[in-house]
Amino acid sequence: MQTHLELISESLNYGDLPETWRVPDIHRFSSEKTLYGYQTDALEKAARAFYLYYGKDHDWFSGETQETSNERKRFFMDLYRDSSLSAYLKKYETRADEKNKRESQVFRLLSEFMRPLGDLIPYANLINRMCFWMATGSGKTLVMVKLIEYLRHLQQHGEIPPHNILILAPSSGGLIGQIRRTIDEFNRSSGLQIDLVPLRQAGRGSYQHRVGDSIVVYYHRSDNISDVQKEALIDYRTYENGGKWFILLDEAHKGSKEDSKRQAYYAIMAREGFLFNFSATFTDKEDIITTVKKYNLEEFVKNGHGKNIYLNETEYNAFKNRKEEISHAERRKIVLKSLITLAYVSMRVKALRIGTGLENLYHLPLMLTLVNSVNTDIENDQNDLWAFFQTLREIATGEIDQSLFKEAKTELMDNWRNARLLFGGNGAGIIGTDEDVIGKMKITDLREAVFLSRAKGALQFIRSEDNKELAFQLKNADSPFALIRIGDTSKWRNILLDGFEETTALQGKSFFEGLEKSRITILMGSRSFFESWDSNRPNVINFINIGGKDAKKFVVQSVGRGVRIEPLPNQRRRFARLPESNEKKAIQPYHDQVQPLETLFLFATNRSAVKAVLEGLAAEYGESGDFEILEGFERAPIPKIGNKNMPLLVPEYKEAKDGAAAQGKFAMSEKTLNRLKSYMETTSDAVFAVRDGLKTSQIAALRSMVKNTEKIQLTPEKNYAMIPFLQHRLISHLSKTAKVSDGVRALGKKDIVHFRHIRVHSEYVNDLKERLNRVRQGEVSDGEISKLGQQLGLGEITREEFTKKSSGKNEETFRELTIKRVAQHYYFPVLLGNETTDYIQHIIKVNSEVSFLNALEKWVERNKVPWDAWMFSKIDESLDDVHIPYYDRGNNDYRRFLPDFVFWMCKGNEYRIVFVDPKGTEYTAAERRIDGYKELFEEDEKPRFFRHGKAGVQVKLFMFNDPQKASGQYRRYWTEQPGDIFRVA
């Protein structure tokens, strides 16, 4: 299922958002942290989607009616319908279904607060939501806190309602504590102070809000929201506050199916606000289609932010397809393989640290052994944790079968020679040049690496004072090597450890809390201990007795805990992705030995665990989305001028020095201006400062603008009903600075990138790739030539057509798509569709663009281009960055105009950049863009010249449509003749 809200948000270019709708200081989190690109991308996409909801065509204003609010929801719902989801979303309309007790209960809940249509609640009532599908370890809490800052920013500027903000998180794993620590870090170096307040301190009508540069954010345990009021629970009706909440729900996957009533409570509390869901694991389809940013485990690993994941698919699939359970002997061999793997990785990091002289290189490897529950029934052959522990004891005491040990090593090496990493890539480097290391490994080597002693010995244990931890060590070793962390260790001690020696000393401080700096190599426990635990150490995970309805989610979460990586302090990417440094140079000679440390090895010891691992990871890889990147596009050769490539130049801009003088006029009606003057006269500076938080300089600028109205454009239709809202718009306007021309520069790598991001429905990927390759390579198959011959014989095509089509494959068709080579285009092949083509994105499919391209091709075929060299490219307004900044007086804001095409032409020392925009049906909007072009690139109605080496560069603009429909002074910028674009004079 595709993340449709993410696609919807990409219909807008972030740079085109009004300035107040952009995230303030988007890259900075604190004095210690800046955001990664995927985190800022999440914020940008959220801002675009939020603008579509509260801005753009349904601009929020204070005092709006309920019908206006409902209309906004219907409009947002229509965006999904435009994405071919209309029929699909009907599945999520909540019905009063007597056959489904749970759905009937949810219907009755929602119908108290949302107007039903007969026996259903339309999904449009629940569409005010967006999901952030971000991997464990990706820093989604940082995105959450920056989102709070963004909401506060929008409220200050009157762009969204002044609703309170509520964070909800489950109790497990200390998530609320983690959020609090992250907010504390933000507060230490931010002008905005976020004050976390328990929801119980709020009451009906008594909410705190915000003062000056601080904001109150409420929080509560999401699993304690109920429909009753008890000591641990709170009744949502007491705090629903008319549905006027912005709710940030962490670990939003919890309770989605198990407790749909609780999900209804959240929707009710946010029905007049917005619901933001954060999770590493989304499996419900309504969450996936409303996801605004997908950076799940697959994306996290693929982009180098986490360890590679190794899954022996041959072995796993063999287990998956068996009817009988894995035998005891097979389970023991799997456990032995996992321990050999841990020993091998531990030996590798030791060798790397010695070789490089870097003591802080990577981490001390750790094995996680995770179980669904800790079973103490030793008579049950399915007690895999006990089998695991018995294998540890046999290795410790030297009782392990040497032939089994040798067999396990041999199978591991065979697996690794042809290893395939889960999210793509060649895993052969796992063993690489180190094959002798594992081949020659002895039991004593394994004991030294894992048990911290080469000598064999009896096992003894140390228990913690709270009975939640048991640490194990060899009697002849000086520190523990393994740790069990479960709810209560009493049964384990009394039943399973009978005969084991317990040391007399108790461990007062938790072993687990000091795990990062300890020498412990194995961590065993139930599924409850791992959440909100951050560590780079795991390299091996054993899944034991994992099953049940939550198993897939648990696998993804626990794998997410294991993929974190930090080769060098504060460098959290795999070695190949690290920036250049002296430390990286020191590691470079050993770069072919780092892959074991940068790999997470997964093992499972029974059929239910195998199934959970395969199904859980399948949800993250291969089956997680309907659209895939379409590969097979190449950049075309750059035209030569003499023996050099023709430069491809684009305009460069800078901020005007005199911002106030450069601003466009702010449009409002005369009636609004008179009301504003009266408002300013009756409001003191102190009120502006205290109530609105305005600075002295802002107040002075506001009064000056209203008194001296040369910066105001009187526009009859531009009425503002709410003066405070207008005030915020004016303050924002006064803070803006115009862009001015700053010459030209070479086209950058990130300026035109859309052809790297063309996505197509998975169903058509292979067919399209095949056709792309044929057009790219100019190949024609024997079968196609035979078919053309038949058509020629039947008179269906001419001899000329036969020769053209059989001599080289310059064009293919697929459904309504045309795949072709277009002369002098920046990349090839080019894909042309139509406006109903919904299974592929970021191609040329707007009718006016397709018509222009066809007209251009015909003109070039019949005419000689009067330039020494030329080239052109499509510009995608949502992904590319070749633009013309302009002041949009209709919206009182600066925007970026991205024409649909850019041309480059060179003749001697004359160079021209020509922008062409065929979507010129809105002539009034086009005039504003032409005004922006003229201000930057013309002087006294004549083109300005810029220098690039010896060349004089002009920038021109053409709107490709009927000139007769344009008003007089703008008509010269319009044409329907492609030849006008190439005119030298």
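Rings of Phe, Tyr and Trp, the last taken by its six-membered ring, form a pair if their centres lie within 6.5 Å, and by this rule the predicted model comes to a count of 48 aromatic pairs.

Begin by selecting Y54 and F246, whose rings form an edge-to-face pair, with 6.3 Å from centre to centre and 85° between the planes. This pair links distant parts of the chain, since Y54 belongs to helix 2 (residues 37–54) and F246 to strand 10 (residues 245–250), 192 residues apart. Y54 is buried, and F246 is buried as well.

Next, move to Y933 and F937, where the ring centres are 5.6 Å apart and the planes stand at 40°, so this pair is tilted. Both residues lie in helix 30 (residues 923–937), four residues apart, which is about one turn of the helix, and both Y933 and F937 are buried.

For a ring with a charge beside it, select K584 and F575: the charged end of K584 sits over the ring of F575, 5.4 Å from its centre.

Finally, show helix 12 (residues 328–356) together with helix 16 (residues 443–451), which pack at an angle of about 75° with their axes 9 Å apart. Angles of 65 to 115 degrees count as roughly perpendicular, and the two helices are therefore roughly perpendicular to each other. On helix 12 the contact is made by L339, I340, L342, A343, S346, M347 and K350, and on helix 16 by L446, E448, A449 and V450; by class, this contact has eight nonpolar, one polar and two charged residues.

Terms used:
Residues numbered from 1 in each chain as written. Predicted model: local features only at pLDDT ≥ 70, side-chain atom pairs only at ≥ 80, totals over all residues. Heavy atoms only, no water. Axes fitted to C-alpha atoms, helices over the stretch in contact; angles between N-to-C directions. Parallel < 35°, antiparallel > 145°, perpendicular 65-115°, else oblique. Contact = heavy atoms within 4.5 Å. Nonpolar A, V, L, I, M, F, W, Y, C, P; charged D, E, K, R; others polar. Phe/Tyr/Trp six-rings, centres within 6.5 Å; stacked < 30°, edge-to-face > 60°. Buried < 20%, exposed > 50% of the residue type's maximum accessible area, 1.4 Å probe, protein only. Lys NZ or Arg CZ within 6 Å of the ring centre and 35° of its normal.
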